[in-house]
Amino acid sequence: MILCWQAACSTGLLSTRLVASPIQILGAGWSLVQDGTLSTNMGVSLLRAVAGLSLALVAGISLALISGLSQLGENIVDAPLQIFRTLPVLALVPLFILWFGIGETPKILLVALGSTFPIYLNLHKGIRSIDPKLLEMTRTLRLSRSQTIRDVILPGALPDLLVGVRFAVGISWLMLVVAEQVNADSGIGHMMMDAQDFLRTDIIFVGLAIYGLLGLISDQCVRILEHRALVWRPAHIQRTGNIG
């Protein structure tokens, strides 16, 4: 595909003003690396994504525990979250700027907002899907409420939580694209917006490639965490034994 892409650009079938060739993209990427532009903007984007995702983890897990562990909590928390989940993010950007200014806060909060929902939904589903026989066993063993949550509910819901984290990691990068194109003076999104003003499609493609690679790397990190955190599950033990 890359060879066909390069051939189409070289023969004029594709205008390099609209679609940069792979060679042009590589050259632009190398020049951005040499002058430090890429590393600086990537560092800023990483900090925003990590900060937003950290807030999303705290908010999503806390809200899922409140909603999943009691019917009263679900009645209070679930409906407002479902409403917020359906609101278009771009419609919230003017409000966020009005409330939090044009600094880093609205960008981080936009990332956190979009990443909270998959964590909440998956963990809530995991808590409510705990086998009733396990809960009956905790009552037979006379475990306290805190022991039941710690030793049964949270481990049982962990696979669903990690699935939610994988979705949240992907959404955090999508939200970052939106956040960094609104009143930003740094970051990969800002770099791409500057490139748009000067019709530098090669730099735009470099930014897209960086977003894609960061998304892939972060997803692989969560998969490694999932592999280690769920080592106790029978399915994992059976799979490991079959490989051995």
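Biologist: Leaving aside its neighbours within four places in sequence, which residues is Ile188 in contact with?

Modeller: Ile188 is in contact with Leu38, Asn41, Met42, Ser45, Glu180, Gly207, Ile210 and Tyr211. Contact means heavy atoms within 4.5 Å. A caution on the source: this is a predicted model, where local features need pLDDT of at least 70 and side-chain atom pairs count only at pLDDT 80 or more, while totals for chains, interfaces and linings use all residues. Residues are numbered from 1 along each chain as its sequence is written, and side-chain values use heavy atoms, with hydrogens and water left out.

Biologist: Which residues touch the most other members of the largest nonpolar core?

Modeller: Leu38, Trp173, Ile188 and Val206 do, in a core of 44 residues. A nonpolar core is a set of buried Ala, Val, Leu, Ile, Met, Phe, Trp, Tyr and Cys residues joined through side-chain atoms within 4.5 Å. Buried means under 20% relative accessible area, exposed over 50%, and partly exposed in between, with a 1.4 Å probe and protein chains only.

Biologist: And which elements give two or more residues to this core?

Modeller: Helix 2, helix 3 (37-69), helix 4 (71-86), helix 5, helix 6 (104-128), helix 8 (145-179), helix 9 (188-197) and helix 10 (201-229). Helix 8 gives the most, twelve residues. Helices here are DSSP runs (H or I, at least four residues), numbered from the N terminus.

Biologist: Is Gly29 buried or exposed?

Modeller: Gly29 is buried, at 14% relative accessible area. Gly29 sits in helix 2 (residues 22-34). Beyond its neighbours within four places in sequence, Gly29 is in contact with Leu38 and Val206. Both of those residues are on the list of core members that touch the most others.

Biologist: Switching to Thr116. Which backbone oxygen lies 2.6 Å from a polar atom of its side chain?

Modeller: That of Ala112. The cut-off for a polar contact is a pair of N or O atoms within 3.5 Å; within protein, one must be able to donate a hydrogen and the other to accept it, and residues adjacent in sequence count only if both atoms are side-chain atoms. Thr116 is in helix 6 and is buried, at 8%. Setting aside neighbours within four places, Thr116 is in contact with Ala56, Ala59 and Gly60.

Biologist: Now charges. How many salt bridges does a search of the whole structure find?

Modeller: Eight. A salt bridge is a side-chain nitrogen of Lys or Arg within 4 Å of a carboxyl oxygen of Asp or Glu. Arg48, Glu104 and Glu180 are linked in a network of them.

Biologist: Where do Glu136 and Arg139 lie?

Modeller: Both are in helix 7 (residues 132-140), three residues apart, about one turn of the helix. Glu136 is partly exposed at 42%, and Arg139 is exposed at 55%.

Biologist: What about Asp202 and Arg200?

Modeller: Their side chains meet in a salt bridge, 2.9 Å from N to O. Asp202 counts as buried at 12%, whereas Arg200 is partly exposed at 35%.
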